[in-house]
Amino acid sequence: PLTAPSLPPPLLTQTHADWGWHVTPPPAGVEPLRFTEAEISARNHSARYPVLQPKLAAETAWLRANPHRLSLLRLFLRRTDPRLPPIAPSDLRSPRQTLHLWNGTLTSSFELDGAPVSVVTAVHPSLDALATRVCSAAVRSRRLGLGLAFPYGSEAFQGGLEWGKADRHASTLVSGGGGGGGRPGPP
């Protein structure tokens, strides 16, 4: 399992995909199957609709919140020495960032702990694929690396990311032979 013992402070932006959905288990005593739809008739037509049922307020709240979109991940630079604090924006010196609209890349450069760092990030135009290249003497000397963190889903409407519930889910790094077209193959 991948763990992230010290994550950098959360950002207000999130990365979603159309296929990233999550369902929170119902709390104790909440039974979603007790919820029923009501038949509504109008203009000589009837249809079944989910309507508020005061006696099933907990079930109604759970059904309104589930399923919900899931933020996919946080990709971040990290110091490899666990004794050092996570990188904060104030640690970056001389930052510069350029969005290249023609080729779809974002180039960032800055100094971190006295070492120049260059980061190029690109997304595939039609696949859910991200590529990042980090160039720095700090990477070559293994003082700087990339970190990945995956949140647990949350029912919160905005910014609902649960970074502190690593015991509720697991992520496994799988390495393959490449040429997978941007999507993982079968296990």
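Which residue in β8 is the bridge partner of Leu112? In this predicted model, the partner is Ala115. Residues are numbered from 1 along each chain as its sequence is written. Local features need pLDDT of at least 70 and side-chain atom pairs count only at pLDDT 80 or more, while totals for chains, interfaces and linings use all residues, and side-chain values use heavy atoms, with hydrogens and water left out.

The predictor's confidence in each residue, pLDDT, runs from 0 to 100. Its mean over the protein chain is 79, and 79% of the residues reach 70 or more. Residues 1-5 stay under 50, with five contacts in the model beyond four places in sequence; contact means heavy atoms within 4.5 Å. Residues 179-187 also stay under 50, and the model has five contacts beyond four places in sequence for them.

Back to the strands. Helices (H or I, at least four residues) and strands (E, at least two) are DSSP runs, numbered from the N terminus, and two strands pair if DSSP finds at least two bridges between them. Strands β7 and β8 are antiparallel and share eight bridges. Their hairpin has two residues between the strands, and Asp113 there takes a positive phi near 50°. On to β9 (residues 130-135), which runs antiparallel to β8 and is joined to it by six bridges. The hairpin that links β8 to β9 passes through six residues.

Buried means under 20% relative accessible area, exposed over 50%, and partly exposed in between (1.4 Å probe, protein chains only). Leu112, with neighbours within four places in sequence set aside, contacts Arg79, Ile87, Asp91, Leu92, Val117 and Leu144.

Helix α1 (residues 57-65) has its own buried residues, namely Glu59, Thr60, Trp62 and Ala65. Among the elements that cover them is β4 (68-69).
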